[in-house]
Amino acid sequence: MMDQEQQQMSVYLAVSLDGYIATTEGNVDWLHHINGEGDNGYEHYYCGIDAVIMGRNTYETILTLDFPFPYSGKDCYVYTNSRYGADEHVTFINGTIDNLMSSLSTRSYTKCWICGGGLLISELINNKYITEFIVTIAPVILGSGIPLLTGIKDFQSLNLVKTTRYGQFVELHYDFTTE
(Lines give C-alpha, C1' and ligand atoms only; values in the text may rest on other atoms or scores of the structure.)
Protein backbone atom coordinates (compact mmCIF):
# COMPACT_ATOMS: atom_id res chain seq x y z
CA MET A 1 0.00 0.00 0.00
CA MET A 2 1.24 3.49 -0.81
CA ASP A 3 1.93 6.22 1.69
CA GLN A 4 -1.50 7.78 2.11
CA GLU A 5 -0.10 10.91 3.75
CA GLN A 6 1.67 11.81 0.50
CA GLN A 7 -1.04 10.87 -1.99
CA GLN A 8 -4.70 11.32 -1.14
CA MET A 9 -7.28 9.13 -2.93
CA SER A 10 -10.55 11.03 -2.97
CA VAL A 11 -14.04 9.95 -4.00
CA TYR A 12 -16.23 12.87 -5.06
CA LEU A 13 -19.66 12.27 -6.59
CA ALA A 14 -23.38 12.79 -6.34
CA VAL A 15 -25.83 10.12 -5.28
CA SER A 16 -29.61 9.81 -5.17
CA LEU A 17 -31.27 9.52 -1.79
CA ASP A 18 -31.68 5.78 -2.39
CA GLY A 19 -27.98 5.28 -3.11
CA TYR A 20 -27.59 5.35 -6.90
CA ILE A 21 -24.93 7.27 -8.84
CA ALA A 22 -26.66 6.85 -12.21
CA THR A 23 -29.62 5.20 -13.87
CA THR A 24 -29.23 1.61 -15.07
CA GLU A 25 -28.19 3.05 -18.47
CA GLY A 26 -25.52 5.26 -16.86
CA ASN A 27 -27.52 8.48 -17.21
CA VAL A 28 -27.12 11.31 -14.67
CA ASP A 29 -29.52 13.84 -16.26
CA TRP A 30 -31.65 13.70 -13.10
CA LEU A 31 -28.98 15.86 -11.41
CA HIS A 32 -29.81 18.79 -13.70
CA HIS A 33 -33.41 18.98 -12.47
CA ILE A 34 -32.43 19.85 -8.91
CA ASN A 35 -32.09 23.41 -7.65
CA GLY A 36 -28.44 23.74 -6.67
CA GLU A 37 -26.17 26.67 -6.01
CA GLY A 38 -23.68 27.68 -8.71
CA ASP A 39 -21.59 24.66 -9.65
CA ASN A 40 -22.30 23.05 -6.24
CA GLY A 41 -18.62 23.23 -5.23
CA TYR A 42 -17.29 21.37 -8.28
CA GLU A 43 -14.74 23.95 -9.49
CA HIS A 44 -13.23 24.34 -6.02
CA TYR A 45 -12.81 20.56 -5.75
CA TYR A 46 -11.53 20.15 -9.33
CA CYS A 47 -8.84 22.82 -8.85
CA GLY A 48 -7.48 20.85 -5.89
CA ILE A 49 -6.85 17.55 -7.70
CA ASP A 50 -3.90 16.40 -9.80
CA ALA A 51 -5.38 13.37 -11.58
CA VAL A 52 -8.70 11.73 -12.45
CA ILE A 53 -9.19 7.96 -12.13
CA MET A 54 -12.26 6.10 -13.37
CA GLY A 55 -13.45 2.68 -14.43
CA ARG A 56 -14.02 1.70 -18.05
CA ASN A 57 -17.83 1.97 -17.91
CA THR A 58 -17.61 5.51 -16.53
CA TYR A 59 -15.14 6.48 -19.25
CA GLU A 60 -17.25 5.00 -22.03
CA THR A 61 -20.33 6.80 -20.70
CA ILE A 62 -18.45 10.12 -20.67
CA LEU A 63 -17.47 9.59 -24.31
CA THR A 64 -21.15 9.30 -25.30
CA LEU A 65 -22.02 12.72 -23.86
CA ASP A 66 -22.66 15.62 -26.19
CA PHE A 67 -19.76 17.81 -25.06
CA PRO A 68 -15.94 17.71 -25.15
CA PHE A 69 -14.02 15.46 -22.76
CA PRO A 70 -14.42 17.29 -19.43
CA TYR A 71 -11.06 16.43 -17.82
CA SER A 72 -8.61 17.38 -20.57
CA GLY A 73 -6.69 19.65 -18.17
CA LYS A 74 -5.75 16.78 -15.85
CA ASP A 75 -3.88 13.49 -16.09
CA CYS A 76 -6.61 10.87 -16.57
CA TYR A 77 -6.48 7.11 -16.03
CA VAL A 78 -8.96 4.34 -16.70
CA TYR A 79 -8.73 1.13 -14.71
CA THR A 80 -9.65 -1.70 -17.08
CA ASN A 81 -8.52 -5.08 -18.31
CA SER A 82 -10.17 -4.77 -21.72
CA ARG A 83 -8.35 -1.74 -23.17
CA TYR A 84 -4.61 -1.11 -23.25
CA GLY A 85 -2.15 1.71 -23.77
CA ALA A 86 -3.66 5.15 -24.13
CA ASP A 87 -5.94 7.24 -26.31
CA GLU A 88 -6.25 11.01 -26.77
CA HIS A 89 -7.84 11.45 -23.32
CA VAL A 90 -6.62 8.78 -20.92
CA THR A 91 -4.02 6.18 -20.06
CA PHE A 92 -5.41 2.70 -19.47
CA ILE A 93 -4.10 0.84 -16.42
CA ASN A 94 -4.51 -2.93 -16.34
CA GLY A 95 -4.07 -5.69 -13.78
CA THR A 96 -5.11 -5.71 -10.15
CA ILE A 97 -6.13 -2.79 -7.97
CA ASP A 98 -2.63 -2.97 -6.48
CA ASN A 99 -1.20 -2.48 -10.01
CA LEU A 100 -3.33 0.65 -10.35
CA MET A 101 -2.18 2.04 -7.02
CA SER A 102 1.45 1.14 -7.68
CA SER A 103 1.32 2.94 -11.01
CA LEU A 104 -0.19 6.05 -9.44
CA SER A 105 2.29 6.05 -6.56
CA THR A 106 5.18 6.54 -9.02
CA ARG A 107 3.79 9.97 -9.92
CA SER A 108 4.01 13.04 -7.72
CA TYR A 109 0.28 13.52 -7.26
CA THR A 110 -1.01 15.04 -4.05
CA LYS A 111 -4.70 14.29 -4.62
CA CYS A 112 -6.33 11.88 -7.07
CA TRP A 113 -10.06 11.98 -7.79
CA ILE A 114 -11.82 8.65 -8.12
CA CYS A 115 -14.82 9.84 -10.15
CA GLY A 116 -16.51 6.47 -10.69
CA GLY A 117 -17.80 3.98 -10.99
CA GLY A 118 -19.24 2.14 -8.06
CA LEU A 119 -17.31 -1.10 -8.62
CA LEU A 120 -13.94 0.68 -8.71
CA ILE A 121 -14.79 2.74 -5.64
CA SER A 122 -15.89 -0.37 -3.76
CA GLU A 123 -12.71 -2.25 -4.67
CA LEU A 124 -10.57 0.68 -3.53
CA ILE A 125 -12.50 0.86 -0.25
CA ASN A 126 -12.15 -2.89 0.28
CA ASN A 127 -8.39 -2.54 -0.12
CA LYS A 128 -8.27 0.54 2.15
CA TYR A 129 -6.91 2.93 -0.46
CA ILE A 130 -9.58 5.65 -0.18
CA THR A 131 -8.65 8.45 2.21
CA GLU A 132 -11.46 10.93 1.56
CA PHE A 133 -15.09 10.42 0.60
CA ILE A 134 -17.19 13.40 -0.51
CA VAL A 135 -20.73 12.54 -1.50
CA THR A 136 -23.41 15.03 -2.50
CA ILE A 137 -26.91 13.82 -1.74
CA ALA A 138 -29.50 14.71 -4.38
CA PRO A 139 -33.12 14.87 -3.18
CA VAL A 140 -34.42 12.28 -5.67
CA ILE A 141 -35.32 8.63 -5.43
CA LEU A 142 -34.45 6.70 -8.59
CA GLY A 143 -35.77 3.29 -7.54
CA SER A 144 -33.03 1.47 -9.46
CA GLY A 145 -29.73 2.19 -11.14
CA ILE A 146 -26.00 1.87 -10.63
CA PRO A 147 -25.36 1.66 -6.88
CA LEU A 148 -22.78 3.83 -5.14
CA LEU A 149 -21.18 0.81 -3.44
CA THR A 150 -21.28 -2.88 -4.28
CA GLY A 151 -19.63 -5.79 -2.51
CA ILE A 152 -18.11 -4.00 0.46
CA LYS A 153 -16.40 -6.75 2.46
CA ASP A 154 -15.79 -5.29 5.89
CA PHE A 155 -17.09 -2.68 8.28
CA GLN A 156 -15.57 0.72 7.48
CA SER A 157 -15.53 3.66 9.85
CA LEU A 158 -15.61 7.21 8.52
CA ASN A 159 -15.20 10.55 10.24
CA LEU A 160 -17.55 13.38 9.24
CA VAL A 161 -15.37 16.42 8.48
CA LYS A 162 -18.04 18.88 7.34
CA THR A 163 -21.37 19.31 5.61
CA THR A 164 -22.19 21.93 3.01
CA ARG A 165 -25.53 22.82 1.50
CA TYR A 166 -25.83 23.86 -2.16
CA GLY A 167 -29.48 24.72 -2.66
CA GLN A 168 -31.31 21.38 -2.48
CA PHE A 169 -28.05 19.36 -2.49
CA VAL A 170 -26.22 18.41 0.72
CA GLU A 171 -22.52 17.57 0.51
CA LEU A 172 -21.09 15.25 3.16
CA HIS A 173 -17.31 15.25 3.49
CA TYR A 174 -15.76 12.25 5.26
CA ASP A 175 -12.26 11.02 6.02
CA PHE A 176 -11.67 7.33 6.57
CA THR A 177 -10.76 6.51 10.15
CA THR A 178 -7.41 4.79 10.51
CA GLU A 179 -7.49 1.74 12.72
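**Reading the model**

Mentor: Let us begin with Ser122, which is located in helix H4. Helices (H or I, at least four residues) and strands (E, at least two) are DSSP runs, numbered from the N terminus. This is a predicted model, in which local features need pLDDT of at least 70 and side-chain atom pairs count only at pLDDT 80 or more, while totals for chains, interfaces and linings use all residues. Residues are numbered from 1 along each chain as its sequence is written, and side-chain values use heavy atoms, with hydrogens and water left out.

Trainee: Is Ser122 buried or exposed?

Mentor: The terms rest on relative accessible area: buried is under 20%, exposed is over 50%, and partly exposed is in between (1.4 Å probe, protein chains only). Ser122 has a relative accessible area of 1%, so this residue is buried.

Trainee: With which residues is Ser122 in contact, leaving aside its neighbours within four places in sequence?

Mentor: Contact means heavy atoms within 4.5 Å. On that basis, Ser122 is in contact with Leu148, Leu149, Thr150 and Ile152.

Trainee: How should I read a pocket, and what is the volume of the largest pocket here?

Mentor: Rolling a probe the size of a water molecule over the atoms shows where empty space is left. On a 1 Å grid over the protein atoms alone, a cavity is a set of points where a 1.4 Å probe fits but cannot get out, whereas a pocket is an open set with protein on both sides within 12 Å along at least five of seven lines; lining residues have an atom within 4 Å of a point. Grid points are joined across faces, edges and corners, and a volume is the space filled by probe spheres set on the points. The largest pocket in this model has a volume of about 1,400 Å³. Its lining comprises 43 residues, of which Ile21, Val28, Thr58, Tyr71 and Cys115 are the closest to the centre.

Trainee: Which elements give two or more residues to that lining?

Mentor: They are strands S1 (8–16), S2 (20–22), S6 (111–116) and S8 (146–147), together with helices H2 (56–64) and H4 (118–126). Helix H2 supplies the largest share, six residues.

Trainee: How is the lining of the largest pocket divided by class?

Mentor: Ala, Val, Leu, Ile, Met, Phe, Trp, Tyr, Cys and Pro count as nonpolar, Asp, Glu, Lys and Arg as charged, and the others, Gly among them, as polar. The lining has 22 nonpolar, 16 polar and five charged residues.

Trainee: How should I read the backbone angles?

Mentor: Most residues other than glycine have a negative phi, and most peptide bonds are trans. In this model, the peptide bond from Gly116 to Gly117 is cis, with omega near 0°, and Gly117 is in the loop between S6 and H4. Asn40, in the loop between S2 and helix H1 (42–47), has a positive phi, near 60°. Lys128, likewise not a glycine, has a positive phi of about 60° and is in the loop between H4 and strand S7 (132–138). Asn40 counts as buried at 19% relative accessibility, whereas Lys128 counts as partly exposed at 40%.

Trainee: How many salt bridges does a search of the whole structure find?

Mentor: Side chains of opposite charge can pair when their charged atoms come close. A salt bridge is a side-chain nitrogen of Lys or Arg within 4 Å of a carboxyl oxygen of Asp or Glu. The search finds three. In one, Glu60 pairs with Arg56, with the closest N and O atoms 3.0 Å apart; the two are four residues apart in helix H2, and therefore about one helical turn. In another, Arg83 pairs with Asp87 at 3.8 Å. Glu132 and Lys111 also meet in a salt bridge, at 3.1 Å from N to O. Glu132 lies in strand S7 and Lys111 in strand S6, so this pair ties together parts that are 21 residues apart in sequence. Both Glu132 and Lys111 are buried.

Trainee: How many disulfides does the structure hold?

Mentor: A disulfide is a pair of cysteine sulfur atoms within 2.5 Å. The structure holds zero disulfides. The cysteine sulfur closest to that of Cys76 is in Cys115, 7.8 Å away, which is too far for a bond. Cys76 is buried, with a relative accessible area of 4%, and Cys115 is buried, at 12%.
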